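Biologist: Please put the model on the screen, and I will ask about it.

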Amino acid sequence: MSVQEYLDKHALSRKIEDAVNAAVRAKTSDPVLFIANHMKKAVSSVITKVKARQILDSRGIPTVEVDLHTNKGVFRASVPSGDSSGTYEAIELRDGDKGMYLGNSVAKAVKNINEKISEALIGMDPKLQAQIDHAMIDLDKTEKKNELGANAVLAVSIAACKAGAAEKEVPLYKHLSDLSGRANLTLPVPAFTVLSGGNHASNNFAIQEIMILPIGASRFEEAVQWGSETYHHLKAVITEKNGNLGCNVGDDGGFAPDISSLKEGLELVKEAINRTGYSDKIKIAIDVAATNFCIGTKYDLDIQSPNKSGQNFKSADDMIDMYKELCAEYPIVSIEDPFDKEDWEHTKYFSSLGICQVVGDDLLMSNSTRVARAIQESSCNALLLKVNQIGTVTEAIEVVKLARDAQWGVVTSHRCGETEDSFISDLSVGLSTGVIKAGAPCRGERTMKYNQLLRIEEELGEQAVYAGEDWRPRVI
């Protein structure tokens, strides 16, 4: 092809002439830069390359990172992982070679991106999120993304979403809002992890975490301040009662002292809140993660204490009585996974009491089929959204819509193995989920989610709306 033929094919002569005329009209001091930028805008962006690599998450375990290239730039995304994969969630592909990262290497997922996904997506418009995601779903051909790996698919999906926002020249949260069809942008209430136990800490506390929600704050910035102050007051309380060793932290950054009971943990948190002076404005949430200490039909609250195990078994009815008592005594507004992941009956009954929000995590696994069943049976009234349990941005938006249509609450959640990617911050604003659970106000992979939300609030200025007291639909 000759130079003239190339110019004619792409209409470059006309585009260059338009760019020069625009530079003249603008009387720019740097016409070369102006013309270059004008030409970039004149050409629609397409995906030109997708390159993946293996990096480490916050636990030192490998995960997937992707650089997605367009003719407008390079867009990076990385995916988190949990401490285990549920039966109903998308499959995280790992190599299984014990000689490499103890079997946790993700080289196969990386190879799938570099050799299969990249080839399938080159030339696609990054603005068309659903088309990109469905192209990968079709390429995989399995229900739970077993072939390519949900970690591979999600990393590319998030990177494409960032590229789509850049192509539209809008913030990522605005692009996500457009994709979801939601007009309102809302800053979520942060659910700060302050005490850790269960699978997320090496202590005697069977409950996975106790969180605080600054719902009485007027702005997200104020909520972060209250969360940080409470966290440091709690450190002082624990030091006074348990010594410095009690201030070691779990995977999510929450303090991990040896606690004999849920009530003892709640007393520590209550004292810390009282010291802040915001007692009536900070509420408490609990992630029980009851599946982790369910044995048959009983719950072993001493499972983390081998010398005591077997002495503190509770039936599901006993657990309900315990929750009712604690909710009456402490400002608990939300309980996550109060029963085993297959105990639909007791979860439904507890939800029907209207004592607090009941969040499905292991019960639902962000799986649309499980969510639809829970809605039909009124089994719980809130979704814990973990995007890596689904595998694409499009499917995450769809499951949130399902929950919203049922007037459920939605909690955007991190994972115990996190990365330095703050995507879920923009996701929580774009989908107006009401609450974000990103760990303690401590550790870089956690605080960067909160810091990104601070930036978003600043960027929105007077248009910024903090969920606050409206952190969930008023259905209870």
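This is a predicted model: local features need pLDDT of at least 70, side-chain atom pairs count only at pLDDT 80 or more; totals for chains, interfaces and linings use all residues.

Modeller: Residues are numbered from 1 along each chain as its sequence is written, and side-chain values use heavy atoms, with hydrogens and water left out.

Biologist: How many helices and strands does the protein chain have?

Modeller: Both are DSSP runs, numbered from the N terminus: helices are H or I with at least four residues, strands are E with at least two. Counted this way, the protein chain has 15 helices and 14 strands.

Biologist: What share of the 476 residues of the protein chain counts as buried?

Modeller: Buried means under 20% relative accessible area, with a 1.4 Å probe and protein chains only. For the protein chain, the share is 54%.

Biologist: Which residues touch the most other members of the largest nonpolar core?

Modeller: A nonpolar core is a set of buried Ala, Val, Leu, Ile, Met, Phe, Trp, Tyr and Cys residues joined through side-chain atoms within 4.5 Å. The largest one has 131 residues, and the members touching the most others are Val66, Leu383 and Leu385.

Biologist: Which helix gives the most to this core?

Modeller: The helix in question spans residues 150-168 and supplies 11 residues. That is helix H6.

Biologist: Among contacts between residues at least 6 apart in sequence, what percentage joins residues at least 24 apart?

Modeller: Contact means heavy atoms within 4.5 Å. In the protein chain, the percentage is 67%.

Technical notes:
Buried means under 20% relative accessible area, exposed over 50%, partly exposed in between (1.4 Å probe, protein chains only).
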